Amino acid sequence: MTSDNDRRRGLLARLRGRPVARSRGRRRLGAAVRLAAALMLAGGAYTVFAPGVQAQDNPPLSAAANEGKALFDVSCVTCHGRNAQGVEGRGPSLIGVGSASVEFQVSSGRMPLARQEAQAMRKPPQFTDEQVRQLGQYIQELGGGPQVPQGDLREGANLSTGGELFRINCSQCHAFGAGGGALSSGKYAPSLKPASDRQIYAAMLSGPQNMPVFGDNQITPEQKADIIAYIQETLKENQDQGGFNLGRYGPSTEGLAIFLVGIVALVFASLWIAGKS
């Protein structure tokens with residue numbers, strides 16, 4: 001009797017437990033349905049409102065930038081790709097380089113690049129100043145970056161301070177007379193004689209080729225003005241007080257000239273002494 005009672009009790013317990021299990025399953029199924037409905041609702045809301053958000057994040061280009069984009073699509077897209085994102089093996093991305101880099105490269109004729117070589121050479125520019133500004137504005141609005149300020153870039157400059165800064169930061173590559181110099185792997189620091197105020201300022205901001213970037217944290221705008229004034233008013237305009245400048249390549253050519261002149265003078269002096277004796 002005891003075993004029969006136990007079996008009956010177990011059967012009753014199992015029968016009583018079925019509704020509980022079924023109710024738990026229904027609750028889980030209902031929760032899953034509600035979660036799926038919430039996800040579908042969120043996805044629908046995102047689909048409706050996402051275009052508006054994207055339009056706010058990407059405002060329309062200005063008139064100058066639109067003109068620059070037209071020039072870019074004709075002359076630059078082959079190497080730098082659509083939307084200036086770069087093409088592997090041809091040209092780097094221009095996102096974030098700013099209008100300063102564009103102004104330096106394009107106004108000095110280095111871009112568009114004639115051919116792939118160790119370093120882009122200075123050439124007659126293929127774009128007018130207005131077109132250079134438009135190209136720079138397009139790249140600026142596309143990804144931001146450093147910009148060359150407007151106005152007189154030498155205003156309030158100190159030539160003495162500029163000379164000191166130039167000798168500390170620039171003369172190692174561009175030589176003391178700004179005539180340029182050779183670097184490794186077929187590269188070189190170009191002469192600064194044909195560079196304009198804005199090109200020098202843009203080069204300091206963008207760091208083209210092997211040149212380091214001199215942002216406003218390294219060299220302040222006032223110090224940049226001092227350097228530009230020293231290059232333009234002292235190294236370019238002033239006459240060489242010592243006479244022939246030997247190309248302003250620094251102590252190497254000067255030492256070679258002194259050595260050759262000295263050797264020739266010593267040889268003639270020796271011959272003259274020998275002839276007199």
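Among the contacts in the protein with a separation of 6 or more, 61% are made by residues 24 or more positions apart. The model discussed here is predicted. The protein holds 10 helices and 2 strands, and buried residues make up 29% of its 277 residues.

**Order of the elements**

- From the N terminus on, the elements run α-α-α-α-α-α-α-β-β-α-α-α.

**Helix 2 and helix 5**

- Two packed helices are described by the angle between their axes and the distance between the axes.
- Helix 2 and helix 5 pack with their axes 7 Å apart and at an angle of about 100 degrees.
- Helix 2 is therefore roughly perpendicular to helix 5, because angles of 65 to 115 degrees count as roughly perpendicular.
- Helix 2 contributes Ala64, Ala65, Glu67, Gly68, Lys69, Leu71 and Phe72 to the contact, and helix 5 contributes Gln131, Arg133, Gln134, Leu135, Gln137, Tyr138, Ile139 and Glu141.

- Ala65 has its place in helix 2.
- With a relative accessibility of 0%, Ala65 counts as buried, because buried means under 20% relative accessible area.
- Apart from its neighbours within four places in sequence, Ala65 is in contact with Gln134, Gln137, Tyr138 and Glu141.
- Ala65 and Gln137 are 72 residues apart in sequence, yet their C-alpha atoms are 5.1 Å apart in space.

**Aromatic pairs**

- A pair of aromatic rings is described by the distance of the centres and the angle of the planes.
- The structure holds 2 aromatic pairs.
- In one of them, the ring centres of Phe72 and Tyr138 are 5.5 Å apart and the planes stand at 55 degrees, so the pair is tilted.
- Phe72 lies in helix 2 (residues 63–75) and Tyr138 in helix 5 (residues 129–143), so this pair ties together parts that are 66 residues apart in sequence.
- Phe72 and Tyr138 are both buried.
- For Phe166 and Tyr230, the ring centres are 5.7 Å apart and the planes stand at 45 degrees, so this pair is tilted.
- Phe166 in helix 6 and Tyr230 in helix 9 are 64 residues apart, and their pair links distant parts of the chain.
- Phe166 is buried, with a relative accessible area of 0%, and Tyr230 counts as buried at 10% relative accessibility.

**Helix 6 and helix 9**

- The axes of helix 6 (residues 159–169) and helix 9 (residues 221–236) come within 7 Å and cross at roughly 95 degrees.
- The residues of the contact of helix 6 with helix 9 divide into 8 nonpolar, 5 polar and 3 charged.

**A charge over a ring**

- The charged end of Lys224 sits over the ring of Tyr201, at 5.9 Å from the centre of that ring.

Methods. Residues are numbered from 1 along each chain as its sequence is written. This is a predicted model: local features need pLDDT of at least 70, side-chain atom pairs count only at pLDDT 80 or more; totals for chains, interfaces and linings use all residues. Side-chain values use heavy atoms; hydrogens and water are left out. Axes are lines fitted to C-alpha atoms, for helices over the stretch in contact, and angles run from 0 to 180 degrees between N-to-C directions. Helices (H or I, at least four residues) and strands (E, at least two) are DSSP runs, numbered from the N terminus. Ala, Val, Leu, Ile, Met, Phe, Trp, Tyr, Cys and Pro count as nonpolar, Asp, Glu, Lys and Arg as charged, and the others, Gly among them, as polar. Rings of Phe, Tyr and Trp (its six-membered ring) pair if their centres lie within 6.5 Å; planes under 30 degrees apart count as stacked, over 60 as edge-to-face and the rest as tilted. Buried means under 20% relative accessible area, exposed over 50%, partly exposed in between (1.4 Å probe, protein chains only). A charge sits over a ring if NZ of Lys or CZ of Arg is within 6 Å of the ring centre and within 35 degrees of the ring normal. Angles under 35 degrees count as roughly parallel, over 145 as roughly antiparallel, 65 to 115 as roughly perpendicular and the rest as oblique. Contact means heavy atoms within 4.5 Å.
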